[in-house]
Amino acid sequence: MTASPAASQDARALLTRLGVPETTFDPAGLPTRSPIDGSTGDPVRAADAAATEAALAAATTAFHAWRRIPAPRRGELVRLLGEELRASRDDLAMLVTLEAGKIVSEGLGEVQEMIDICDFAVGLSRQLYGLTLPSERPGHHMRETWQPLGPVAVISAFNFPVAVWAWNAALALVCGDPVIWKPSEKTPLTAIATHAVMQRALARFGDAPEGLVQLLVGGREVGETLAADPRVALVSATGSTRMGKAVATTVAGRLGRSLLELGGNNAMIVTPSADMDMAVRAIAFSAVGTAGQRCTTLRRLLVHEDVADALIERLAKAYATLPIGDPRQDGVLVGPLIDEDAAKGFDTAITQAVEQGGQIVVGGTRDGSYVRPAIVRMPTQSAVVQHETFAPILYVLTWKTFEEAVAMQNAVPQGLSSCVFTDSVRDAEAFLSAWGSDCGIANVNIGPSGAEIGGAFGGEKDTGGGRESGSDAWKSYMRRQTQTVNFSSALPLAQGVKFEV
């Protein structure tokens with residue numbers, strides 16, 4: 001599990017190639033680090049209170065101009081962003097690998113998500129549909145339209161350091177909203193590089209207002225300022241449930257809007273009729289991909305008691321051969337956790353699981369930030385199972401009836417992603433019914449991890465209730481307006497009210 005040296009040096013070379021200026025770096029700024037080998041790079045300039053205030057003022061001014069631009073023209077900017085992302089795809093993907101520790105194919109997949117949402121948003125720019133409504137008053141038309149909302153603050157997390165920004169920014173821009181991005185302080189370099197790519201798209205576009213797309217690198221205080229400022233119409237925050245509750249409280253205190261993508265504690269139900277070959281493959285990726293650091297990572301495996309032993313035996317064999325190490329190397333499937341705190345959290349969860357009656361089937365050890373993914377059989381959904389540990393730990397529990405399995409699936413505070421593996425139409429449809437999964441995402445014969453941009457992404461309960469990406473998630477970035485037009489020469493009142501003067 002040794003890593004090739006100089007990951008941070010490689011990152012600096014990529015930043016130069018991507019067009020990041022030297023003025024980005026500041027010896028007194030925010031430290032940078034690669035989880036691959038722990039090497040530290042040059043600190044980057046962090047936003048102070050004055051820079052944050054300037055960004056807010058510029059975004060407010062930009063909104064007044066951008067909302068006047070026709071939506072299809074706004075879509076042209078996003079189309080150009082997609083082109084620039086395609087041209088920089090490999091370099092951006094490798095930077096994701098170096099800074100977040102993802103394997104190369106996952107880094108490429110994340111940048112592809114950015115490209116995909118740009119394609120989606122370009123089409124959306126001509127489809128921001130409203131409604132025509134019948135009026136009860138003669139000679140009147142009623143309609144419902146969607147108008148630009150205002151500056152949008154995007155607070156993103158380390159595990160998807162660029163894709164989540166793109167999900168928000170592409171939609172916000174076509175909807176008529178400026179964007180201020182506050183990335184995770186654990187992954188500022190990918191944000192800086194993406195912002196440089198965005199600047200090339202803006203230059204090609206030609207007449208975008210100053211301050212339309214901004215980046216504020218910094219710590220918690222930057223996010224708190226954005227959440228508290230009434231000039232920010234929408235705060236889209238991705239991260240822990242604890243963080244999300246703090247953001248929601250602050251934004252609600254000023255009657256603002258928040259869009260929250262928070263914790264997940266995702267389960268897979270495996271029935272006796274399931275295709276076990278498919279299930280094993282889905283479990284391995286869903287539980288181990290991104291070293292267990294996805295919000296959609298599989299954390300609970302709920303297996304019928306008749307097939308549990310055989311399935312666990314197959315999984316243990318697969319886990320025992322997982323290639324762990326430097327994610328830049330060919331064949332590696334499990335890279336490092338993001339930092340030492342995450343690795344300590346892995347240790348703590350393993351210890352608590354054993355204390356709460358768990359039996360370790362495989363894994364559970366570590367070498368620095370590189371951990372051996374663990375499978376732990378649990379007697380019940382105890383406290384450690386209820387808690388989302390951002391690491392590759394898979395808790396296995398058994399059930400007798402399908403109703404019991406669904407109840408177990410839903411009996412956690414989080415409600416993001418879920419799935420069932422079965423060849424039973426009854427079980428599949430029950431899982432997707434109103435009394436089935438209570439999550440925002442429910443899949444049949446597909447793992448819980450990963451999603452296409454065409455569908456709305458998000459979950460319920462402690463996951464926050466927000467929706468990003470596809471479907472009608474764009475409505476979060478706009479304000480609804482009901483309009484009534486009287487084209488008659490009379491003035492009838494609604495509900496037959498008479499008021500003669």
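Modeller: Helices (H or I, at least four residues) and strands (E, at least two) are DSSP runs, numbered from the N terminus. This is a predicted model: local features need pLDDT of at least 70, side-chain atom pairs count only at pLDDT 80 or more, and totals for chains, interfaces and linings use all residues. Residues are numbered from 1 along each chain as its sequence is written, and side-chain values use heavy atoms, leaving out hydrogens and water.

Biologist: Is aspartate 119 buried, partly exposed or exposed?

Modeller: Aspartate 119 lies in helix α5. Buried means under 20% relative accessible area, exposed over 50%, partly exposed in between (1.4 Å probe, protein chains only). Aspartate 119 has 42% relative accessibility, so it counts as partly exposed.

Biologist: How far apart in space are aspartate 119 and threonine 16, C-alpha to C-alpha?

Modeller: In sequence, 103 residues separate aspartate 119 from threonine 16. In space, C-alpha to C-alpha, the separation is 27 Å.

Biologist: Are α4 and α5 parallel or oblique to each other?

Modeller: The axes of helix α4 (residues 89-100) and helix α5 (residues 104-124) come within 8 Å and cross at roughly 125°. Axes are lines fitted to C-alpha atoms, for helices over the stretch in contact, with angles from 0 to 180 degrees between N-to-C directions. Angles under 35 degrees count as roughly parallel, over 145 as roughly antiparallel, 65 to 115 as roughly perpendicular and the rest as oblique. α4 and α5 are therefore oblique.

Biologist: How many residues of the contact of α4 with α5 are nonpolar?

Modeller: The α4 side of the contact includes Arg89, Leu92 and Val96, and the α5 side includes Val104, Glu110 and Ile115. Contact means heavy atoms within 4.5 Å. Here Ala, Val, Leu, Ile, Met, Phe, Trp, Tyr, Cys and Pro count as nonpolar, Asp, Glu, Lys and Arg as charged, and the others, Gly among them, as polar. The contact has three polar residues, three charged and, as nonpolar ones, eight.

Biologist: How are α5 and α6 oriented to each other?

Modeller: α5 and helix α6 (residues 163-175) pack with their axes 9 Å apart, at an angle of about 15°. α5 and α6 are therefore roughly parallel.

Biologist: How many charged residues are in the contact of α5 with α6?

Modeller: α5 contributes Glu110, Glu113 and Phe120 among others, and α6 contributes residues including Trp165, Trp167 and Leu171. The contact divides into 13 nonpolar, no polar and, for charged, two.

Biologist: Is glutamate 110 buried or exposed?

Modeller: Glutamate 110 has its place in helix α5. Among the residues it touches, not counting those up to four places away in sequence, are Val96, Lys102, Asn159 and Phe160. Its relative accessibility is 1%, so glutamate 110 counts as buried.

Biologist: Which residues touch the most other members of the largest nonpolar core?

Modeller: A nonpolar core is a set of buried Ala, Val, Leu, Ile, Met, Phe, Trp, Tyr and Cys residues joined through side-chain atoms within 4.5 Å. The largest has 132 residues. Not counting residues up to four places away in sequence, tryptophan 165 touches Leu81, Met114 and Trp181, among others. The residues touching the most other members are Trp165 and Leu301.

Biologist: What is the phi of leucine 255?

Modeller: Leucine 255 sits in the loop between α9 (241-253) and β9 (257-261). Its relative accessible area is 80%, so leucine 255 is exposed. Most residues other than glycine have a negative phi. Leucine 255 is not a glycine, yet its phi is positive, about 60°.
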